[in-house]
Amino acid sequence: MSKITIAIDGFSSTGKSTVAKQLAKKLGYVYVDTGAMYRAITLYAMEKGLISEEKFHKNELIQHLPEIALEFKFNDKKGFSEIYLNGKNVENKIRSMAVSNLVSKVAEVSEVRKKLVEQQQQIGKNKGVVMDGRDIGTVVFPDAELKLFMTASAETRAERRYKELINSNNNVTFEEVLKNVKFRDHLDSTRDDSPLIMADDAIKIDNSNMTQEEQFDKILNLALQKINH
């Protein structure tokens, strides 16, 4: 069976990572959460005092980039790979609302994108990879055999994210989460470098009214059609 590259792009909180993990597990492919890579760099910048709600020392962050080492390590108990920043597991830390509020600013920086796109292309060079993010089908793997673009209404996405955060004991309001979703949509879609746009040959998946099972079945069928083509 031939291996393909599967690129999943879309807005924040559309469930890209969830379905990408499921798909990779089912197909025996490598899963790469590119959003986690941008979040890890954001966490690094926060811990070094290079970014906050009030300031962003962009040039200093660019100078620090050679010191930032990211890697994914498979967690047997959880059944998926977790991200490590300079040798430390930061999978849970990067999911905080504080990181969510700043990650789009870091992702706008061309030097950050260049560093991460090179890493992502290296990971996926032998195919058999499912990668999700904002520019996978347009920039990282423009020749991917299957490109998906996931979307849902801002309110639906905020509701999902809110439930996740509450379950992780984060003290947030629904209004805060909705504001963050809309803010990130705007930044992701309007940035100069690799804005979030749907590739011409991508298949749009609006999952506002889909269950996770329905969505997975639909996407798995699309993948199998390409693999067996």
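1. A residue counts as buried when its relative accessible area is under 20%. In this predicted model, Gln120 has a relative accessible area of 0% and is therefore buried. Gln120 belongs to helix H5. Setting aside neighbours within four places in sequence, the residues in contact with Gln120 are Thr34, Met37, Tyr38, Met131, Ile136, Val140 and Phe141.

2. Five strands form an open sheet with parallel pairing, in the order E2-E6-E1-E7-E8. Strand E2 (30-33) and strand E8 (203-206) are at its edges; each has a single partner strand, so one side of each lacks a neighbour in the sheet. From one strand to the next, the twist averages 20°.

3. Within this sheet, strand E1 (residues 5-10) runs parallel to strand E7 (residues 146-151), and five bridges join the two. Ala7 has Lys147 as its bridge partner in E7. E1 also runs parallel to E6, again through five bridges. On that side, Thr5 stands opposite Val129 of E6.

4. How many of its five residues are buried? Five of the five are, and the strand is described as mostly covered. The cover extends to both faces: Val129, Met131 and Gly133 are buried on one side, and Val130 and Asp132 on the other. E6 pairs with E2 in the parallel sense over four bridges. In that pairing, Asp132 of E6 is the bridge partner of Asp33. Met131, buried on one face of E6, is also one of the contacts of Gln120.

5. A second open sheet consists of three strands in the order E3-E4-E5, with antiparallel pairing. Its edge strands, E3 (70-75) and E5 (88-89), each pair on one side only. Six bridges connect E3 with strand E4 (residues 80-85) in the antiparallel sense, and Leu70 has Leu85 of E4 as its bridge partner. Helix H2 lies across E3 and E4 and runs at about 25° to E4.

6. Is helix H4 (residues 97-107) largely enclosed or left open by the rest of the structure? Eight of its eleven residues are buried, so H4 is largely enclosed. The buried residues are Met97, Val99, Ser100, Leu102, Val103, Ser104, Val106 and Ala107. They pack against five helices: H2 (34-47), H3 (58-64), H5 (110-123), H7 (154-167) and H8 (174-190).

7. The packing of H4 on H8 can be described in more detail. Their axes come within 9 Å and cross at roughly 15°. Angles under 35 degrees count as roughly parallel, and H4 and H8 are therefore roughly parallel to each other. The crossing is left-handed. H4 contributes Met97, Ser100, Asn101, Val103, Ser104 and Lys105 to the contact, and H8 contributes Glu176, Val177, Asn180, Phe183, Arg184, Leu187 and Asp188. By class, the residues of this contact divide into five nonpolar, four polar and four charged. Met97, Ser100, Val103 and Ser104, which take part in this contact, are also among the buried residues of H4.

8. Helix H1 (residues 16-27) packs against helix H9 (residues 212-227) at an angle of about 50°, and their axes are 10 Å apart. That angle makes H1 oblique to H9. The two helices cross in the right-handed sense. From H1, the residues in contact are Thr18, Val19, Gln22, Leu23, Lys26 and Leu27; they meet Gln212, Gln215, Phe216, Ile219, Leu220, Ala223, Leu224 and Ile227 of H9. The contact of H1 with H9 comprises nine nonpolar, four polar and one charged residues. As background to such spacing, an α-helix has 3.6 residues a turn, so residues three or four places apart point the same way.

9. In summary, the two helix pairs discussed above contrast in handedness: H4 passes H8 in a left-handed crossing, whereas the crossing of H1 and H9 is right-handed.

How values were computed:
Residues are numbered from 1 along each chain as its sequence is written. This is a predicted model: local features need pLDDT of at least 70, side-chain atom pairs count only at pLDDT 80 or more; totals for chains, interfaces and linings use all residues. Side-chain values use heavy atoms; hydrogens and water are left out. Two strands pair if DSSP finds at least two bridges between them. Axes are lines fitted to C-alpha atoms, for helices over the stretch in contact, and angles run from 0 to 180 degrees between N-to-C directions. Buried means under 20% relative accessible area, exposed over 50%, partly exposed in between (1.4 Å probe, protein chains only). Contact means heavy atoms within 4.5 Å. Angles under 35 degrees count as roughly parallel, over 145 as roughly antiparallel, 65 to 115 as roughly perpendicular and the rest as oblique. A crossing is left-handed if the near helix is turned anticlockwise from the far one by less than a right angle, and right-handed if clockwise. Ala, Val, Leu, Ile, Met, Phe, Trp, Tyr, Cys and Pro count as nonpolar, Asp, Glu, Lys and Arg as charged, and the others, Gly among them, as polar.
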